[in-house]
Amino acid sequence: MRISRSWLAEWLPELELDAQALGDRLTMAGLELDALETAAPPCTGVVVGRVLSVEQHPDADRLHVCRVDDGSDGPQQVVCGAPNVFAGMLAPYARLGAVLPGGLKIKKAKLRGMESYGMLCSEAELGLAESSDGLMQLPEEAPIGQDIREYLGLDDAVLELDLTPNRADCLSMLGVARESALLTGSKLVSREIDAVQPQCDEIFPVVVDAVDACPRYAGRVVRGVRAGARAPLWMRERLRRAGVRSISAPVDVTNYVMLELGQPMHAFDLAKLSQGIRVRVAEDGERLVLIDGQEVTVSGGTLLITDASGPLAIAGIMGGAASAVSDATTDLFLESAYFDPQTISGRARTLGLHTDSSHRYERGVDPSLQLTALERATELLTQIAGGQPGPITEVCANARMPRREAVLLRRERIAHLLGLAFEDAQVSTILSGLGCAIEAVEIGWRVVPPAHRFDLSIEADLIEELARVRGYEAIPERRVAVRSAIERRSEAQLAMSRLRETLRVLEYQEAITYSFISADSARLFAPQAAPIELANPLSAELAVMRPSLWPGLIAALNHNRKRQSPRGRLFETGLSFLHAADELLQQRMLAGAAYGSAYPEQWGLQGRALDFFDIKGDVEAVLKRAGVQADFVAREHPALHPGQSARVIVDDKPVGWIGMLHPELEGRLGLGCAVGLFELELAAITRGRVPVFEPVSRFPALRRDLALIVADDVQAGEVMRAMRALEIPEMQDVYLFDVYAGKGVGEGYKSLAYGLIFQGFSSSLTDREVEAILSRIMDELDRRFGARPRG
């Protein structure tokens with residue numbers, strides 16, 4: 001919200017703080033000063049001038065030779081190329097030696113043989129507009145020779161406030177004036193807006209079908225408005241300083257009232273309306289061309305303003321082009337309505353829109369303001385462009401209008417929460433300044449918040465206001481006595497920092513991605529899970545809660561890859577969200593994604609692309625650091641490459657997945673390279689085993705190699721787990737060191753070679769004892785897998 005200091009002074013004439021001090025005070029009260037600037041960039045030597053005469057340049061068709069009175073000794077000759085210059089016109093005149101915004105210094109010049117002593121200026125040349133079609137025309141009452149900065153007040157300070165969503169009451173000059181008066185003790189000037197007497201009897205019918213979404217709708221006809229009328233300079237300047245572009249008198253008036261009072265309004269061209277206004281809920285697929293030329297298709301549930309011909313506007317967001325006012329408009333229908341914030345919230349973002357109107361309606365507009373705003377707009381419009389207003393047509397469902405309930409505020413609760421004593425008179429003064437209705441009771445006060453403060457609904461809200469207005473710096477600093485205690489943590493619990501350190505050693509970098517993703521991404525990576533949709537998403541790309549951390553990591557990897565990063569490793573810890581028995585299950589996960597070569601480019605090793613076993617090795621390193629023994633069992637996942645994916649099993653419980661991204665997804669996501677993925681439940685892998693001392697045998701270890709012929713579909717890991725399951729004390733270790741299929745091995749079979757380490761604790765193992773153990777192992781493997789020794 002951009003606030004003009006001079007405009008604010010009309011509401012607070014006794015305010016003595018300068019713009020910076022006021023901004024600091026507002027910031028400390030929660031209305032953050034985001035920027036402070038003057039109303040226009042610096043310039044010097046520009047005054048109000050009157051064009052006395054205009055003659056055609058003898059040697060240039062597009063130039064004129066003008067005589068300009070600037071209030072000095074005599075008229076000045078100026079060569080001007082503006083198409084709108086005419087005799088008698090008042091315009092900004094830059095004298096010789098003047099300096100315009102951007103550093104342009106005005107010097108005596110000769111244009112096509114004619115001398116020019118200065119320059120007549122446009123709004124763009126003074127930094128008041130991005131572009132201009134001609135000179136800036138000043139009002140007739142402008143004093144000739146007065147400095148233009150003084151006349152237009154261009155040294156006025158403009159404060160840009162960054163408001164939190166709960167402070168919609170400050171999205172207007174009235175709201176900021178109320179707040180400033182309360183914070184500074186200045187007197188707020190009461191500005192009564194009188195009802196405009198109707199000058200004709202014409203009304204335009206209004207029917208409201210959706211009374212829950214629109215409990216109050218008011219409008220009035222204004223006939224005979226001057227076509228093409230332009231708002232006065234003072235109004236256009238106030239709009240500009242607020243960041244709003246001047247368009248035409250009717251549109252400028254509605255925008256001005258919105259900025260002044262906080263009530264969005266809309267003006268329809270009455271000649272383009274048919275039979276009457278109807279406020280209703282849209283049906284799926286209805287289309288509307290908006291005033292910005294964009295054609296949109298609205299979904300069911302969107303609130304529309306319609307007539308007999310169809311949709312005219314999206315309620316609370318933007319009007320349609322078909323009924324918009326133009327320079328030829330002479331008859332208007334002014335609209336002022338209260339729309340339920342929940343009905344408007346999120347609709348603009350769904351359509352890819354964000355307007356001043358939707359910004360206010362989503363946060364809440366004062367439900368008592370509609371008729372006042374309509375009277376104020378009528379008053380301004382008839383003063384500027386004439387016209388005959390009709391009576392106000394109002395449709396109001398009082399039972400559906402917001403009601404403010406009384407809130408009990410207790411004295412002792414104030415002191416308990418703030419640690420700060422307030423006198424009764426001070427509490428009453430602050431709450432009255434907020435606009436609350438107060439009734440003293442034995443234990444405190446019964447408070448009814450004002451209609452414009454939607455954020456005051458419970459006792460804690462009122463206590464917060466007391467602290468905010470008095471000043472947070474007044475709250476005393478007290479050292480709270482806290483009993484120190486060392487957190488008890490199981491020795492088996494692994495700190496996450498240890499896992500992060502391991503992954504950084506493996507060249508992974510930590511990433512943080514959004515917990516919200518698009519519904520399409522959720523279906524790609526977890527098609528079996530029903531997505532958890534947000535009630536009010538920021539956009540379609542952030543519409544559901546992520547069932548997996550992979551979509552965010554892959555998007556981040558792809559972002560880097562498209563910026564010429566040939567190799568990448570990312571990991572993230574965060575929550576995934578799933579449905580579980582009608583409840584929201586939040587699981588803390590550790591996930592990683594990698595692409596590119598298996599290791600950095602170097603001369604000592606031949607480069608190769610990352611594969612499944614590289615990802616498996618990284619996960620094994622993490623699990624080893626955690627002290628967790630895991631098994632990897634081949635399983636298929638819809639997002640992973642068939643035959644290159646596995647379930648991670650810990651204590652017979654599945655705790656995660658590893659694998660390569662499915663080739664189809666690679667293409668759909670535009671990756672252009674293989675991507676390895678892993679995702680693990682943190683709770684399962686951070687509960688390791690407490691190290692236990694095991695005596696070291698004094699006797700030598702023996703190694704025996706065991707080569708087996710098994711069927712192709714037998715997994716090497718299953719064979720290894722079967723050997724370990726025998727729990728043979730003398731078998732210290734077993735590992736796979738060779739896999740072979742081809743010549744010498746029958747079709748449909750493969751050879752697996754394992755290294756087995758044996759060691760006795762009471763004596764050295766003999767060959768006979770080792771052979772007995774091997775025989776036992778072979779019997780078990782034959783029984784389970786049909787394995788036989790490779791000859």
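How many bridges join strand β14 (residues 277-281) to β17, and in which direction do the two run? Four bridges join them, and β14 and β17 run antiparallel.

The model is predicted: local features need pLDDT of at least 70, side-chain atom pairs count only at pLDDT 80 or more, and totals for chains, interfaces and linings use all residues. Residues are numbered from 1 along each chain as its sequence is written, and side-chain values use heavy atoms, with hydrogens and water left out.

**View 1. The mixed sheet around β14 and β17.** Five strands form an open sheet in the order β11-β14-β17-β18-β19, with mixed pairing. Helices (H or I, at least four residues) and strands (E, at least two) are DSSP runs, numbered from the N terminus. Two strands pair if DSSP finds at least two bridges between them. β11 (206-208) and β19 (318-319) are the edge strands, and each pairs on one side only. Arg 280 has Leu 304 of β17 as its bridge partner.

**View 2. Ser 309 in a loop.** Ser 309 sits in the loop between β17 (303-307) and β18 (310-314). Its relative accessible area is 60%, so Ser 309 is exposed. Exposed means over 50% relative accessible area, buried under 20%, and partly exposed in between (1.4 Å probe, protein chains only). Ser 274 lies 35 residues away in sequence, yet its C-alpha is 6.5 Å from the C-alpha of Ser 309.

**View 3. The antiparallel sheet of β1, β10 and β2.** Three strands make an open sheet in the order β1-β10-β2, and the pairing is antiparallel. β1 (2-4) and β2 (32-38) stand at the edges with a single partner strand each, so one side of each has no neighbour in the sheet. From one strand to the next, the twist averages 25°. Three bridges join β1 to β10 (residues 157-162). Ile 3 has Leu 159 of β10 as its bridge partner. In a regular strand the side chains alternate between the two faces of the sheet.

**View 4. Ser 172 in a loop.** Ser 172 lies in the loop between β10 and α4 (173-184). With 2% relative accessibility, Ser 172 counts as buried. Neighbours within four places in sequence aside, Ser 172 is in contact with Met 1, Met 258, Leu 259, Glu 260, Leu 261 and Gly 262. Contact means heavy atoms within 4.5 Å.

**View 5. The hairpin of β30 and β31.** Strands β30 (residues 568-580) and β31 (residues 583-595) run antiparallel and are joined by 13 bridges. Leu 578 is the bridge partner of Leu 585 in β31. Two residues lie between the strands of this hairpin, and Ala 581 takes a positive phi near 55°. β30 also has two bridges to β26 (residues 509-510), and that pair runs parallel. There, Gln 509 has Leu 570 of β30 as its bridge partner.

**View 6. Helix α20 against helix α21.** Helix α20 (residues 716-725) and helix α21 (residues 767-785) pack at about 135°, with their axes 10 Å apart. Axes are lines fitted to C-alpha atoms, for helices over the stretch in contact, and angles run from 0 to 180 degrees between N-to-C directions. The two helices are therefore oblique to each other. Angles under 35 degrees count as roughly parallel, over 145 as roughly antiparallel, 65 to 115 as roughly perpendicular and the rest as oblique. Glu 718, Val 719, Ala 722 and Met 723 of α20 meet Ile 777, Leu 781, Arg 784 and Phe 785 of α21.
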